[in-house]
Amino acid sequence: MTVEELDRAYDDVVETTGATPRALAIINPGNPTGQVLTRETVRDVLQWAHRRRIDAIVSDEVYQDNVYEETARFYSARSVFFEDVLPS
């Protein structure tokens with residue numbers, strides 16, 4: 001997931017429906033693969049949501065213990081928000 005992909009999807013919704021997205025769901029880690037977003041990606045997504053005036057962010061982290069790659073690490077959106085996004 002990249003900010004460019006989020007911009008494209010957001011703009012597509014606005015152009016095709018006239019609606020302005022106001023909520024974002026972050027699924028991390030993915031189930032059933034256990035694929036996780038990097039800390040930088042989580043931070044970028046949260047900063048993007050702030051710039052786009054997203055009112056609600058739902059972070060589904062129920063599978064945070066299902067990370068199968070030994071070198072991968074789970075980062076909570078809440079933690080990244082309070083440590084990296086809010087202070088700036």
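Arg-53 sits in the loop between helix 2 and strand 2 (56–60); helices (H or I, at least four residues) and strands (E, at least two) are DSSP runs, numbered from the N terminus. Its phi is near 60°, a positive value in a residue other than glycine. Arg-53 is exposed, with a relative accessible area of 63%; exposed means over 50% relative accessible area, buried under 20%, and partly exposed in between (1.4 Å probe, protein chains only).

The model is predicted, so local features need pLDDT of at least 70 and side-chain atom pairs count only at pLDDT 80 or more, while totals for chains, interfaces and linings use all residues. Residues are numbered from 1 along each chain as its sequence is written, and side-chain values use heavy atoms, with hydrogens and water left out.

A cis peptide bond joins Asn-28 to Pro-29, with omega about 0°. Pro-32 lies in the loop between strand 1 and helix 2, and the bond from Asn-31 to Pro-32 is cis, with omega near 15°.

In a regular strand the side chains alternate between the two faces of the sheet.

Leu-24 has Ile-57 of strand 2 as its bridge partner. From strand 1 the chain crosses through helix 2 to strand 2, and this β-α-β crossover is right-handed: with the strands pointing away from the viewer, the path from the first strand over the helix to the second runs clockwise.

Notes
Pairing = 2+ DSSP bridges.
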